[in-house]
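Hi,

Here is the structure I promised to pass on. Have a look at it first, and then read my notes below.

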Amino acid sequence: MAQKIRTRYAPSPTGRMHVGNLRTALYAYLIAKHDGGDFILRIEDTDQERYVEGATEIIYRTLEKTGLIHDEGPDKDGGVGPYVQSERQKAGIYMEYAKQLVDKGEAYYCFCDEARLATLVQEIDDGNGGKKEISVYDKHCLHLSKEEVEKNLAEGKPFVIRQNNPTEGTTTFHDELYGDVSVENKELDDMVLIKSDGYPTYNFANVVDDHLMGITHVVRGNEYISSSPKYNRLYDAFGWEVPKYIHCPLITDEEHHKLSKRSGHSSFEDLVEQGFLAETVVNFVALLGWSPDDNTEIMSLKELVEKFDYRRINKSPAVFDYTKLKWMNGEYLKAMDDDKFYELAEPYMKEVIKKDLDLHKIAAMIKTRIEIWPDITEMIDFFEEMPDYDVSIYKHKKMKTDEASSLSVLKDLLPILEAQEDYSNDALYARLQEYIKEKEYKNGYVLWPIRIAVSGKAMTPCGATEAMEVIGKDETLKRLKDSIAKLEA
């Protein structure tokens with residue numbers, strides 16, 4: 001019987017959820033759920049310096065909003081907890097396993113102080129024509145006798161526990177996307193496993209926790225590829241089975257720079273605040289480095305679960321195309337249930353419309369025309385108040401209109417619209433069509449100037465008569481007279 005797939009999302013509570021972290025969570029969720037497996041949430045809070053108050057709540061809130069519901073976690077004990085690393089540290093789990101490695105000769109106590117470690121820093125080429133500093137530990141404390149180690153421990157001398165990596169030969173690990181990757185062992189530093197404060201390092205805690213929690217597939221960014229040989233050496237030292245690694249491509253902005261906070265849309269909460277739907281963000285993020293074999297673009301989370309095959313993840317960097325994200329959000333809004341759309345759009349409409357107007361009619365007009373919620377305010381503000389505008393917008397080459405022709409049409413229409421009692425869209429449109437037919441004008445020759453005259457805009461989410469129906473007869477006539485005066489000035 002095949003082993004049940006178990007994936008995990010192991011965020012650090014350091015702030016808002018970055019798009020890259022959301023993609024990691026999403027891919028881990030999809031891999032598990034595609035094959036009926038389990039998705040585990042583990043909070044990695046061992047880096048106390050970077051801990052941000054309230055960030056754990058952000059993690060829970062984001063996972064709930066995106067629908068990435070975990071099967072096990074701090075709030076859902078599946079029998080392999082605790083699911084918070086600081087709690088695991090207090091239980092002595094990491095020290096216990098580090099000492100096992102010390103007993104095997106795969107790790108050792110290091111008592112070197114900062115002054116000595118500073119002498120090991122060296123400059124090397126960074127590969128881009130510059131220099132960078134690295135520190136390679138020289139195994140000094142590996143050669144301490146058992147008696148010296150015990151004496152130092154008894155005296156309470158500060159220590160770390162380091163991994164004992166070989167300096168000769170190579171280490172090979174397998175990635176599901178990149179295949180076999182080999183690294184010369186002389187490049188493997190003896191990384192710290194347990195820090196001087198007793199907390200485990202990120203790398204060590206990951207390995208121990210993933211094994212104890214039965215994780216079968218590890219999803220992470222490809223910036224961790226260089227760390228993977230050290231992970232594998234830890235698995236081998238313990239005699240544990242190595243999970244499958246899936247390293248995902250870098251996410252860049254349109255200029256091909258790493259997506260950063262400066263972009264303004266690097267986190268899930270940024271995007272929601274900018275007016276994007278959670279469903280859209282999930283759909284879009286899934287396509288940052290992956291696509292289904294049928295190249296479908298609009299997919300629900302359920303459809304993503306059905307279609308997801310991690311072997312189709314691309315190794316090339318994925319570009320965060322903000323324009324495409326907005327297009328996709330517009331598609332989701334168009335497909336949304338009308339009542340739900342109104343409920344979500346209402347607060348934005350009420351930001352600008354204080355008059356007693358029919359917001360349901362306005363919502364129906366804008367539903368297929370906006371891409372994100374904030375588009376609403378600028379699109380509909382003319383319903384509340386006529387904006388100041390430049391009469392040059394009456395000129396339209398295709399409609400064959402200009403200021404003079406528009407003035408003539410509006411002066412013609414004013415008495416007709418004063419006499420009109422029925423201000424429903426259909427009745428108004430029918431009356432304008434009578435006028436157009438009588439004068440043998442083209443539709444645009446009349447409808448273009450009347451729309452500008454009642455909206456003050458060249459682009460509106462509705463036609464002239466739809467706008468007139470919403471604002472009503474009195475306001476329509478007032479705006480017409482004001483526009484005529486503006487053209488005559």
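H256 sits in the loop between strand 12 (251–252) and helix 9 (268–273); helices (H or I, at least four residues) and strands (E, at least two) are DSSP runs, numbered from the N terminus. Its phi is near 65°, a positive value in a residue other than glycine.

Some background before I go on. This is a predicted model, where local features need pLDDT of at least 70 and side-chain atom pairs count only at pLDDT 80 or more, while totals for chains, interfaces and linings use all residues. Residues are numbered from 1 along each chain as its sequence is written, and side-chain values use heavy atoms, with hydrogens and water left out.

Back to the backbone. Most residues other than glycine have a negative phi, and most peptide bonds are trans. E440 also has a positive phi, about 60°, and is not a glycine. You'll find E440 in the loop between helix 17 (425–439) and helix 18 (443–455), and E440 is exposed at 73% relative accessible area. Then there is the peptide bond from G81 to P82, which is cis, with omega near 0°. P82 lies in the loop between helix 2 (55–66) and helix 3 (85–90).

Now for the inside. The largest nonpolar core has 101 residues, and M349, W373 and F383 have the most contacts within it. (Such a core is a set of buried Ala, Val, Leu, Ile, Met, Phe, Trp, Tyr and Cys residues joined through side-chain atoms within 4.5 Å.) Helix 1 (residues 19–34) supplies the largest share of this core, 10 residues. A second, separate core of 31 residues includes Y83, F111, F173 and L234.

Helix 10 (residues 278–286) is worth a look too: 8 of its 9 residues are buried, so it is largely enclosed by the rest of the structure. Those buried residues pack against helix 1, helix 2, helix 9, helix 11 (301–307) and helix 12 (322–335), where contact means heavy atoms within 4.5 Å.

Finally, the whole chain. It has 19 helices and 13 strands, and buried residues make up 48% of its 489 residues. The C-alpha atoms fill a box of roughly 110 × 55 × 40 Å along the principal axes.

Cheers

Conventions
Buried means under 20% relative accessible area, exposed over 50%, partly exposed in between (1.4 Å probe, protein chains only).
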